Amino acid sequence: DLAVEHLSLPKAWVGRNGAASKPNPIVEELISAARRGVRVRVLLNNDGVFGQEVSAVSEEDKNISTVAYLRSKASKEKIPLEAAIFNNDALEVAYVHNKGMVADGSKVFLGSINGTENAVMNNREVAVSLSSKDAARYFGEVFQLDWEMSNKK
């Protein structure tokens, strides 16, 4: 089981100097994990909470495009992959600032690293990987609450 909650995870990376976009390797690895039978759930920030700023962002860079892409892959390939946009109103939270993952109920990866090419390739970012059932339980419970509230019908 892999639970991912992220501020920014575009489905593609735009190369330096406006070069052609290429698939985001993080997104592609999430799909690969689901193809191997790992249950993958991805919860991304609602870009709309940033107001006018988001209008300057290309459609391909928006989290809603990533969610649509992941859902399409899951449906077409019949793989255990789910994706949703964080419901900040239901959770009474301004926006998701998390950049983290919980794996198999025993590992946690948390840091400042957004899923953008600039964050991964150019910025000074940090993260920590913990092998801790206690940490995984805590962050897993936070993710589960966010997931349930964001997927309420």
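Helices (H or I, at least four residues) and strands (E, at least two) are taken here as DSSP runs, numbered from the N terminus. The model is predicted, and local features therefore require pLDDT of at least 70, side-chain atom pairs count only at pLDDT 80 or more, and totals for chains, interfaces and linings use all residues. Residues are numbered from 1 along each chain as its sequence is written, and side-chain values use heavy atoms, with hydrogens and water left out.

Accessibility is classed as buried under 20% relative accessible area, exposed over 50%, and partly exposed in between (1.4 Å probe, protein chains only). Asp-134 is exposed, at 54%, whereas Arg-137, at 47%, counts as partly exposed.

Strands of a sheet pair through backbone hydrogen bonds, either parallel or antiparallel. Two strands are counted as paired if DSSP finds at least two bridges between them. In this model six strands form an open sheet in the order β5-β4-β1-β6-β7-β8, with mixed pairing. The edges are held by β5 and β8 (127-131), each with a single partner strand, so one side of each is left without a neighbour in the sheet. Neighbouring strands of this sheet are turned by 10° against each other on average, direction ignored; such angles are taken between axes, which are lines fitted to C-alpha atoms, for helices over the stretch in contact, and they run from 0 to 180 degrees between N-to-C directions.

Strand β4 (residues 40-44) pairs with β5 in the parallel sense over five bridges, and Leu-44 stands opposite Ile-85 in β5.

Helix α1 lies across β1 (2-6), β4 and β5 and runs at about 150° to β4, while α2 lies across β4 and β5 at about 155° to β5. Helix α2 has 15 residues and spans 21 Å from its first C-alpha to its last, close to the 21 Å expected at 1.5 Å a residue, where the expected span is 1.5 Å times one less than the number of residues. Its buried residues are Asn-63, Ser-65, Thr-66, Val-67, Leu-70 and Ala-74, and their cover includes α1, β4 and β5. Just after α2, Lys-78 takes a positive phi of about 55°.

The interior follows from this arrangement of elements. In soluble globular proteins, nonpolar side chains tend to be buried together. A nonpolar core is a set of buried Ala, Val, Leu, Ile, Met, Phe, Trp, Tyr and Cys residues joined through side-chain atoms within 4.5 Å. The largest such core has 19 residues, and those with the most contacts inside it are Leu-30, Val-40, Val-42, Leu-70 and Leu-81. Two or more residues each are given to this core by β1, α1, β4, α2 and β5, and the largest share, five residues, comes from α1. Apart from this core lies another, of eight residues, among them Ala-84, Phe-86, Val-96 and Phe-143.

Further salt bridges join separate parts of the chain; seven are found in the whole structure. Arg-35 forms one with Glu-77, their closest N and O atoms being 2.6 Å apart. Arg-35 lies in helix α1 (residues 25-35) and Glu-77 in helix α2 (residues 63-77), so the pair ties together parts that are 42 residues apart in sequence. Arg-35 is partly exposed at 44% relative accessibility, as is Glu-77 at 31%. Glu-82 forms another with Arg-39, at 3.6 Å between the closest N and O atoms. This pair links strand β5, which holds Glu-82, to the loop between α1 and β4, which holds Arg-39, 43 residues apart. A network of salt bridges links Asp-1, Arg-39, Arg-41 and Glu-82.

Terms used:
Salt bridge = Lys/Arg side-chain N within 4 Å of Asp/Glu carboxyl O. Contact = heavy atoms within 4.5 Å.
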